[in-house]
Amino acid sequence: MKVFIVGIGLIGGSFAIDIKAAFNEAEIYGVDQSEEHLDNALSLGLIDHKSNFEGLDLADVVIVAIPVDATVEVLSDILNKVKDDCLVFDVGSTKKKLCETVMSHPKRRNYLAAHPIAGTEFSGPQAAIANLYRGKTNIICEVEKTAFKLQEKGMEIFSRLGMRIRYMDPVSHDKHIAYVSHLSHISSFMLGKTVIEKEKNERDIFDMAGSGFASTVRLAKSSPAMWAPIFKHNKENVIETLQEYISNLNQFKEFMENDDFDEIYKEMENTNHIKTILKGIS
Ligand code: NAP
């Protein structure tokens, strides 16, 4: 099985590691705009061969793991190049624009829209890790638009990698993911910015920063090259979540200004419910 991975960074590289481990017959080909990343991927053993877009006609499976705006640009061309029985799936964090882009493509049935809910704040091939996907959810959109045999091929890969599947339409995917992923990243970036701006002349203050601060700003280490296109693709949903978040922050501030610590206590107590909701998620 010849697997071409377009974008051999954290997500693509982690697929490479697990697919090699799960399929003896898999040969991994890397395609990337960064020659340095391809060289690193080869020396790290993530890929067996360096390749390019012209080589895609050899592929049995193509995994597209580049920023979502770049995926919109290249997805139709990838479908043009692949064999009739090749499965092409992407892993982009937004789904509506991508599904619209290939809606009328003659090879739409070769494409499966996926979003593995797995990752870290690091990027590039050196960030790739084994078992990233084990026990994680993979959201599949518009599965009925993918040829049945190719759905089966995709499910075999996801199942051997230990993923749980959830089906969703692209509009619902983008709406829900704005709350549980995109808003957390903005909140982390802006918390990081607020503290850096305030404390820039007092570097010693960071000695006081404990694990609470570190875990809350962890996502602020994430790559802007990946996140700016996500916010662009999901602009309306992200703005809606921001409005609700800002209004909650303003209300908290009002309670503080009014010395209403009973309300503040209640707000926190009600939000503690998140412990039950998130039980078992690491
Ligand atoms: P990454 O580590 O930065 O890897 C992306 C790789 O693709 C980089 O080597 C990049 O090279 C290359 N690239 C960018 N544009 C390209 C193009 N037009 N043609 C060929 N190669 C290109 O990013 P990632 O975290 O793996 O994210 C990849 C995708 O996974 C994104 O769509 C993201 O939304 C999705 N995703 C990410 C996470 C996460 O937690 N990170 C989770 C789920 C899904 P340069 O560095 O030179 O640009």
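Trainee: How many salt bridges are there across the interface of domain 1 and domain 2?
Mentor: This is a predicted model, and in it the rule finds 2 salt bridges across that interface.

Trainee: What are the closest N and O atoms doing in the salt bridge of Arg218 with Glu121, that is, how far apart are they?
Mentor: The closest N and O atoms of Arg218 and Glu121 are 2.8 Å apart.

Trainee: Which elements supply the side of domain 1 that touches domain 2?
Mentor: Helix H3 (68-81), helix H4 (96-101) and strand S7 (137-141) each give at least two residues. The largest share, 3 residues, comes from H3. By type, the residues of that side are 7 nonpolar, 4 polar and 5 charged.

Trainee: How much area do the two domains bury between them?
Mentor: About 1,400 Å², with 66% of it on carbon and sulfur atoms. Of the area that domain 1 buries against domain 2, 40% is supplied by Ser93, Thr94 and Glu121, more than by any other three residues.

Trainee: Changing topic: at what angle do the axes of helix H9 and helix H10 cross?
Mentor: The axes of H9 (residues 235-257) and H10 (residues 261-271) cross at roughly 145° and come within 8 Å.

Trainee: Which residues make that contact?
Mentor: H9 contributes Gln251, Phe252, Phe255 and Met256, while H10 contributes Phe261, Glu263, Ile264 and Glu267. They divide into 5 nonpolar, 1 polar and 2 charged.

Note on methods. Residues are numbered from 1 along each chain as its sequence is written. This is a predicted model: local features need pLDDT of at least 70, side-chain atom pairs count only at pLDDT 80 or more; totals for chains, interfaces and linings use all residues. Side-chain values use heavy atoms; hydrogens and water are left out. Axes are lines fitted to C-alpha atoms, for helices over the stretch in contact, and angles run from 0 to 180 degrees between N-to-C directions. Helices (H or I, at least four residues) and strands (E, at least two) are DSSP runs, numbered from the N terminus. Contact means heavy atoms within 4.5 Å. Ala, Val, Leu, Ile, Met, Phe, Trp, Tyr, Cys and Pro count as nonpolar, Asp, Glu, Lys and Arg as charged, and the others, Gly among them, as polar. Buried area is the accessible area (1.4 Å probe) that two parts lose on being put together, summed over both. A salt bridge is a side-chain nitrogen of Lys or Arg within 4 Å of a carboxyl oxygen of Asp or Glu.
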